[in-house]
Amino acid sequence: MPAPKAAAPLKIPLARVTGEVFDSVATAPLINAAVQWVATDNPADVRTVQTDSAGQFLLDSMRVGSYLVGVIHEQLDRLGLESRVIQVNIEGSGDVSVSLGLPSVATMLRAACGTAGDGMDRGAFMGLVRTSRGTPLEGGARVRVQYAETIVSQGGGVSRRFPSRFADAKPNGAFVLCGVPPEATITTRAYAGKDSSGVIELPVPRSGLLVRDLVIATPVRIAKAPTSPTERPQTLLRGTGRVRGIVRDSVGQPLVGARVTVPGTGTEGTSTGGGLFTFDSLPGGSWMVEARAVGFEPKRVAVDFLDGVETMAAIDMAGLAPRLDTVKVAADRWTREMADFEARKKQGGGYFMDDAQLEKRNALFVSDIMRGTPGVTVVPGGGNGRDRVLMRGNAGTGTCAPAIYLNGMFTPVPDGQLDNLVASAEVRGVEVYSRTGSTPPQFASRNGCGSIVIWTGQRRRPNER
């Protein structure tokens, strides 16, 4: 008998899936995101594809059926989002297009902050706290944020304050701090145990949602002895981080001879041919890198230094805008105070910083101004993240909070936390008296712990001297 003919193989319909993943927060494609497809009738049937540099992905030979589709990316961790899963049905062969994305900024603000996001009048700062070593966090991490607020009283008076806000990070380092003002510039620092970042400046976008990671590390502190009688002792912060960068002008041309510094670490140098600069032995963490050049506005950028890794940085500087000559008024308050300031400086007995020295220190906080000042100890912030400015008591009782005089008026600061007192950019002169015997009577210490006198005002430019 003739053998029966074999049945024709069953032809399974297959589809070709293309798609894209969009980051609505960054308003850009989500690169290197893992798009995972799980068959609903067989959870073991999982296919994963990576998005390319345009946020697009491609899957060939997808059989007909129902799938649960999710996106995996560290941006979801930063935003405190679980992987969003949607159902996609493939009903036949051919091409299938799928568009995926993160929630809108307004949705994110409402989800993270509740009513604080309504109307987009208040914003939020969120991200991940990470170590420069790439290891898990040691202990709970906190993030400190400070920004300027202008207050108008009922009587028409205007004042400014600089509140500090804090956010505790989750065990994976994710944090969110609601209520930051949109289009403001915040200063922030993260810390966990002995690890800390530098103090960095970040602009809050108009949308109100600022997303950025903060890197922390434990720097190595090295005491640098003064090389001349007039030079003060310095503490250098060192590590295994490296940065290679370029300084450019407003049209993208390299700037040679720009002074480049990493404030707070003691690292500085000059851009060479091609506008290039290179620093090594940098402390890990997030820090500011600043460039200054004649004829250009100073420019700061936040850079993350990782242990044993070279980081790339670009600093684009804008030319100085034309300014009208400053109107000089004789016999104003600062003129009289400056004359007395200079007279006390000539007499000696204390340590003085004028606006030129303050510009060179380039500090982000008042406590940073005091670092390395003879007779002053700056104790890093503990649980609340606020640094304390202390002196040694004359009675040999250890450190204590000095008497603080703001514009000649005694201002009690019993805990030594000066960062909320005034913005560092508004400090124009500082007098430090560590010995009560040499302190002028009008600035006498109230507890035998020395005195610090802070004068505020607009600093003079070098060409105004």
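## Surface and overall make-up

Accessible areas come from the Shrake-Rupley method with a 1.4 Å probe, and for residues only the protein chains shown count as cover. On this basis the protein, a predicted model, exposes about 23,900 Å², of which carbon and sulfur atoms supply 54%. Of its 465 residues, 44% count as buried, meaning under 20% relative accessible area with a 1.4 Å probe and protein chains only.

The protein contains 5 helices and 36 strands, where helices (H or I, at least four residues) and strands (E, at least two) are DSSP runs numbered from the N terminus. Among contacts (heavy atoms within 4.5 Å) between residues at least 6 apart in sequence, 61% join residues at least 24 apart.

## A sheet of four strands

An open sheet is formed by 4 strands in the order β24-β23-β26-β27, with antiparallel pairing; two strands pair if DSSP finds at least two bridges between them. Its edge strands, β24 (267-270) and β27 (299-305), each pair on one side only.

Within this sheet, β23 (residues 259-262) and β26 (residues 285-292) run antiparallel and are joined by 3 bridges, and R259 has R292 in β26 as its bridge partner.

Strand β31 (residues 388-392) is joined to β32 by 2 bridges, and the bridge partner of M391 in β32 is C400.

## How to read the values

Residues are numbered from 1 along each chain as its sequence is written, and side-chain values use heavy atoms, with hydrogens and water left out. In this predicted model, local features need pLDDT of at least 70 and side-chain atom pairs count only at pLDDT 80 or more, whereas totals for chains, interfaces and linings use all residues.

Key: Buried < 20%, exposed > 50% of the residue type's maximum accessible area, 1.4 Å probe, protein only.
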